Amino acid sequence: MLTTPPALIAVIGPVEPPLLTAWVRHYQRLGIERILLAFHFPDHVPDARRHELQSASRELGIIPTGTSTGPWHEHTNTQLRDALRHKAGPGWHLLADADEFHQYPAPLPEVITRAERSGHRVVGGLMLDRVAAGGHLAGWSPEDGLDLAYPLGGHLTHRLLHGDPRKIVLARHDVTVASGNHRAPGHRPDADRICAVHHFKWRSGILDDLRRRVHHFTSGTWQEQTPAVRDEASRLLTHVGQHRGVINTSDPRFAFRRVSLDRMPFSWPDEARSIFTTWRPYAHTGQD
């Protein structure tokens, strides 16, 4: 049986301090004891927001490994993440963005033990996008929690944005993980044991973030490796523009339904396996 929990690795942007607190508490409840964070703040982020997040981190007992500022190039996150992984050293690493809350099909030590016994050096996850009941890009109350504010979970990332919904959620220290934690070249996760990655991205303020991303990538201020990230942002902006500022939760393509961090969605193993094994990069056409 595994005796050392994995190190949690994350690059944190200018999220609201209560989200950082909820995120840390979530992973501590899963048994995580060691958290390695790096903050990166684009130039538009005011000093007050930076200090709030750094203070929140210290109050949680976490001393950030580093803080950087400047353009958020597409390679920025990968470089900072890999530096954290190097510092974390041997063992398993849990990879999660600040808006990603993992839900495993078994206790974390059991998940890792099964992976090792079956010869897998990575564990896979699938994004489950969380939104408010009416599809509004709303704020949330720390007292009520994320589950209550964003009770619906569905497949927005790949069925609307045409993004890769797959994630590498756990990896051995010597496994290279691609940008965005979507793939580990040369390694295939066990498709029968896919983690649900509850994705709380669609909160108040996200539209400004997406517009800023499109502007900076289009102008070249932020460097991109492919136009995929910019295109995904543009699709979400177009969608909410067509639906009076909200996400259309009644669209059957997205399969929104009520979910919870306390219980895996009904029939998740079959649902996740089907998407994980059949997803392919979106084929752009002249009509896009």
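Visitor: Which residues lie nearest the centre of the second largest pocket, and how many line it?

Guide: The lining has 23 residues. His26, Arg29, Phe101, Leu261 and Asp262 lie nearest the centre. This is a predicted model, where local features need pLDDT of at least 70, side-chain atom pairs count only at pLDDT 80 or more, and totals for chains, interfaces and linings use all residues. Numbering starts from 1 along each chain as its sequence is written, and side-chain values use heavy atoms, without hydrogens or water.

Visitor: What is the volume of the second largest pocket?

Guide: About 430 Å³, taken as the space filled by probe spheres set on grid points joined across faces, edges and corners.

Visitor: Which elements give two or more residues to its lining?

Guide: They are α1 (17–29), β5 (100–103), α4 (108–117) and α5 (146–149). Helix α1 gives the most, with five residues. These names follow DSSP runs, numbered from the N terminus: helices are H or I of at least four residues, strands E of at least two.

Visitor: How does the lining of that pocket divide by class?

Guide: It has 14 nonpolar, five polar and four charged residues. Nonpolar means Ala, Val, Leu, Ile, Met, Phe, Trp, Tyr, Cys and Pro; charged means Asp, Glu, Lys and Arg; the others, Gly among them, are polar.

Visitor: What lines the largest cavity?

Guide: Ile9, Ala10, Val11, Asn77, Arg81, Leu95, Ala96, Asp97 and Asn181. β1 (7–12) and α3 (74–88) each give two or more residues. Strand β1 gives the most, with three. By class, the lining has five nonpolar, two polar and two charged residues. The cavity holds about 50 Å³ of space, and the structure has one cavity of 30 Å³ or more.

Visitor: Why is Asn181 called buried?

Guide: Its relative accessibility is 5%, under the 20% limit, so Asn181 counts as buried. Asn181 is in the loop between β8 and β9.

Visitor: What is the phi of Asn181?

Guide: A positive value of about 60°, although Asn181 is not a glycine. Most residues other than glycine have a negative phi. Ala255 is another non-glycine residue with a positive phi, near 55°. Ala255 is in the loop between α8 (228–242) and β10, and at 29% relative accessibility it counts as partly exposed.

Visitor: Why is strand β8 called largely enclosed?

Guide: Six of its seven residues (166–172) are buried, so the rest of the structure largely encloses β8.

Visitor: How do you know that β8 pairs with β4 and β6?

Guide: Pairing takes at least two DSSP bridges between two strands. Three bridges join β4 (92–95) to β8, and five join β6 (122–131) to β8, so both pairs pass. Each runs antiparallel. His93 has Ala171 of β8 as its bridge partner, and Gly125 stands opposite Lys167 in β8.

Visitor: What puts the buried residues of helix α9 on the same side?

Guide: Trp268, Glu271, Ala272, Ile275 and Phe276 are the buried residues of α9 (268–278). They cover an arc of only 120° around the axis, so they are on the same side of α9. The arc uses directions from the helix axis to the C-beta atoms. Asp270 and Thr278 are exposed on the other side.

Visitor: What do the buried residues of α9 pack against?

Guide: β6, α6 (156–159), β8, β9 (195–199) and β10 (257–258). Contact means heavy atoms within 4.5 Å.

Visitor: Which elements cover the buried residues of α4?

Guide: They include β4, β6 and β8. The buried residues are Leu108, Val111, Ile112, Thr113 and Ala115. Just after α4, Gly119 takes a positive phi of about 85°.

Methods. Buried means under 20% relative accessible area, exposed over 50%, partly exposed in between (1.4 Å probe, protein chains only). On a 1 Å grid over the protein atoms alone, a cavity is a set of points where a 1.4 Å probe fits but cannot get out, and a pocket is an open set with protein on both sides within 12 Å along at least five of seven lines; lining residues have an atom within 4 Å of a point.
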